[in-house]
Protein chains: 2
Amino acid sequence: MKKYENLSKSEFLGLLKELEASYDEAKKKGLKLDMSRGKPSPEQLDLSNRMLAIDETHTSDGIDCRNYGGLAGIKEARVLFSELLSVPFENVFVSGNSSLNLMYDMISNSVTHGVNGSPPWYLSEKVKFLCPAPGYDRHFRITGHFGIEMITIPMSESGPDMAIVEKYVNEDKSVKGIWCVPKYSNPQGISYSDETVKRFACLKPAAEDFRIYWDNAYAIHHLYEDEQDEILDLFSECKKAGNPDLVYYFSSFSKISFAGAGISALCASKANLDFIKASMGAKTIGADKLNMLRHVKFFRDPAFIKAHMEKHAALLRPKFEIVLDKLEQEVGGLGIGTWQKPKGGYFISFDGINGSAKAIISLLKEAGVTMTKAGAAYPDGLDPNDSNIRIAPSFPSVEDLRKAMDLFVLCLKLVSVRKFLEEM
Amino acid sequence: MKKYENLSKSEFLGLLKELEASYDEAKKKGLKLDMSRGKPSPEQLDLSNRMLAIDETHTSDGIDCRNYGGLAGIKEARVLFSELLSVPFENVFVSGNSSLNLMYDMISNSVTHGVNGSPPWYLSEKVKFLCPAPGYDRHFRITGHFGIEMITIPMSESGPDMAIVEKYVNEDKSVKGIWCVPKYSNPQGISYSDETVKRFACLKPAAEDFRIYWDNAYAIHHLYEDEQDEILDLFSECKKAGNPDLVYYFSSFSKISFAGAGISALCASKANLDFIKASMGAKTIGADKLNMLRHVKFFRDPAFIKAHMEKHAALLRPKFEIVLDKLEQEVGGLGIGTWQKPKGGYFISFDGINGSAKAIISLLKEAGVTMTKAGAAYPDGLDPNDSNIRIAPSFPSVEDLRKAMDLFVLCLKLVSVRKFLEEM
């Protein structure tokens, strides 16, 4: 294929006519597909259906999960997270169906109550958060909601640019946190290198209330059995580095069991948890223990979970391959886009030429395919290059995904041709 | 029985010796009973066990409850609360297993984001909450946690003293809310009169961000079929009075289905809900919809719930009667205590002579019976008279409750005798 930048004006005009005709045809098909969120497919959710028939009520140590009590969650659920994440049992706090809610609560509580005795953030003139981007839009929405200034940190193949992170964290007292999805990052699928994790553990924050918000959402969400990323465990690295309080480590079963009805966990040092429990204890008597018990009884141990995740992978892999193959076959060599090939997670991050993302997503929308909003992966929804598009292949059927990707490639080409023509 | 105040010193000394001997005997029995919280008994929880076998996954309008989505809860669950509480469907927001959590979130959000456009409370020099007392300790814990000044409002047989409430609310701009358990109040079992509810609806708050925190926790939790309190619906009264935004109305299934695994709801005006959803939407994608579906499928409609609550009542009634009969038989006429006879709810509120409550609870504890902490029903845990004791008869077995009440009466008499002797 000929690179677009090498086409002549008349070649572009011919291509434009062709693409516009195809697009008009496509619109007539009346597609209605939603690729906007990293939602598991019904078939993935079916994998855990048997969990719903579990009607046990008591833990092995005799706790009645139907009744009040147990702020940190039932023992078995804490053990399960502990084994899964290799974090000591006593550092695991198990909560409800949304780890995002836990993250929000940590920020909200820091605003109103500070962190382990430090002043509430509302007393600070300025609170800043570091936001490796492209990143998870819902992280940025939380910090944005609290009026926290977000500083974009560029991502590299090995994680956030640590030189910039270190400079901010170690020198600026108003920097109170950083959002991280350290494994199969949302949306790029990047896994942080050992060096990156070690440098995180060895940060010397200017602010005593700085925390790393470590959202390990895709810890075991591999796509392939033979090619899997592994990352260093930040929790133990922080301990080793003498920084045990540095990290809030979040995890959940949302993409293991049910996206809307999983269980979540916050892992933190004793000092952190003691402080957090004071607020948690004022907020609630405890999260839903019956759902914890259901998870424990169904998922049993890490070996069972591993096998379960392979079933997820078997359903996800063909969808990722449809996207990647399509891009490779139809876009490769045209010079109008770059993308990552993740080995896990839920997304493929695509970058078109500058100034193209909004236009592509708008054309897709018009023809019936909803994508994540352009810019969503950047703080305040502002992609400085207007180039990034998050592709979420998990939810649609294979057939729908093929149709959506045909349309994606068509819109991508059409917008790119128009951009080139504009500049000729 | 002779009133204690009419006993002579030698009669008191004789009684003291007798009671001390009985107490020493009682201690030897090695009781271990917890009457500290309003927890349902295992038999009550069994009433909903069949709910646990419900493994349906989709709502009638095709929503997959296993997946993400639906911030305000599934339609059927909103309809169920709507029917149960006579609040319009569109005003119902269904959430997770803890309405307390919803209340905390409303306060926390007001601190950080204000209320419907008003300034965040953290900018106010002073924020005050009215606390009808005796009241629910966990309410006061929330406001205490946020450093909100709590003003005790005396309770009468018809609810909080409305003249005092009106004065504070209508004149003091720093008064931002009031905690209410309007029906079968915790701990007294008082139901607000129609006049009280109407006066609440007609408040003219000095603060635009003043809200009534209406925790209708025991809306259908009657003890008797033939004698039931009914209260006016504050939600519609507020609308009628032209004050639709005045009330946050909380409800939950915690004491209908499972205390630790129910579903909760916040009912509020459109303007209130629109504002609240901005924060809720930043916090979570939504609460556990599978548990909502379980509740909807099991509880079906208000008629089924009514029959279900009668089964709860059949289990609770004998326990309340044990407490009330015991008090009537052994304490009535002694002039050492007064108490309410509730027609519903979870508690009996007992008032000993001034300065006796801590001592009674301490003696009980020493002999193996844990009660709610003395003073818990007052802001900051400070009962100005040190007289109030909350009796929670729901959890222990009938047999255990009899033992606990024998001990209660014994400790009550012993402390009372000591108090009278001290003052002779």
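Tutor: Contact means heavy atoms within 4.5 Å. This is a predicted model in which local features need pLDDT of at least 70 and side-chain atom pairs count only at pLDDT 80 or more, while totals for chains, interfaces and linings use all residues. Residues are numbered from 1 along each chain as its sequence is written, chains are lettered from A and ligands numbered from 1 in the order in which they are written, and side-chain values use heavy atoms, with hydrogens and water left out.

Student: Which residues does A:Ser349 touch, not counting residues up to four places away in sequence?

Tutor: A:Ser349 sits in strand β11, residues 348-352 of chain A. Helices (H or I, at least four residues) and strands (E, at least two) are DSSP runs, numbered from the N terminus. With residues up to four places away in sequence left out, A:Ser349 touches A:Pro134, A:Pro187, A:Gln188, A:Thr338, A:Trp339, A:Gln340, A:Asn388 and A:Ile389.

Student: Is A:Ser349 buried or exposed?

Tutor: Buried means under 20% relative accessible area, exposed over 50%, and partly exposed in between (1.4 Å probe, protein chains only). The relative accessibility of A:Ser349 is 0%, so this residue counts as buried.

Student: A:Pro134 is among the residues that A:Ser349 touches. What kind of peptide bond joins A:Ala133 and A:Pro134?

Tutor: A:Pro134 lies in the loop between β3 (128-133) and α5 (137-145) of chain A. Omega for the bond between A:Ala133 and A:Pro134 is about 5 degrees, and the peptide bond is cis.

Student: In chain B, what is omega for the cis peptide bond that joins B:Ala133 and B:Pro134?

Tutor: B:Pro134 is in the loop between β3 and α5 (137-145) of chain B. The bond from B:Ala133 to B:Pro134 is cis, with omega of about 5 degrees.

Student: What rotation superposes chain A on chain B?

Tutor: Two copies of a chain are related by a rotation about an axis and a shift along it. Copies are superposed by least squares on the C-alpha atoms of residues with pLDDT of at least 70 in both. Here the shift along the axis is 0.0 Å and the RMSD is 0.1 Å, with a rotation of 180 degrees. The two copies are therefore related as by a two-fold rotation axis.

Student: In chain A, which residue has the C-alpha nearest the axis?

Tutor: The same surface serves both copies, since 100% of the contact residues of chain A recur in chain B. In chain A, the C-alpha nearest the axis is 2.7 Å from it and belongs to A:Ala53.

Student: How does the radius of gyration of chain A stand against the globule rule?

Tutor: Chain A has 13 helices and 13 strands. The radius of gyration is taken over C-alpha atoms, and the globule rule is 2.2 Å times the number of residues to the power 0.38. For 424 residues the rule gives 22 Å, and the radius of gyration of chain A is close to that, so the chain is as compact as a globular protein of that length, at 23 Å.

Student: What percentage of the residues of chain A count as buried?

Tutor: The C-alpha atoms of chain A fill a box of roughly 75 × 55 × 35 Å along the principal axes. Of the 424 residues of chain A, the part that counts as buried is 62%.

Student: Is A:Asn116 buried or partly exposed?

Tutor: A:Asn116 is in the loop between α4 (99-113) and β3 of chain A. Its phi is near 50 degrees, a positive value in a residue other than glycine. With a relative accessible area of 29%, A:Asn116 is partly exposed.

Student: Is B:Asp380 buried or exposed?

Tutor: B:Asp380 is in the loop between β12 (369-371) and β13 (388-391) of chain B. Although not a glycine, B:Asp380 has a positive phi of about 60 degrees. Its relative accessible area is 56%, so B:Asp380 is exposed.

Student: B:Asp386 is also in the loop between β12 and β13 of chain B. How far apart are the C-alpha atoms of B:Asp386 and B:His58?

Tutor: B:Asp386 counts as buried, at 17% relative accessibility. B:Asp386 and B:His58 are 328 residues apart along the chain, and their C-alpha atoms are separated by 53 Å.
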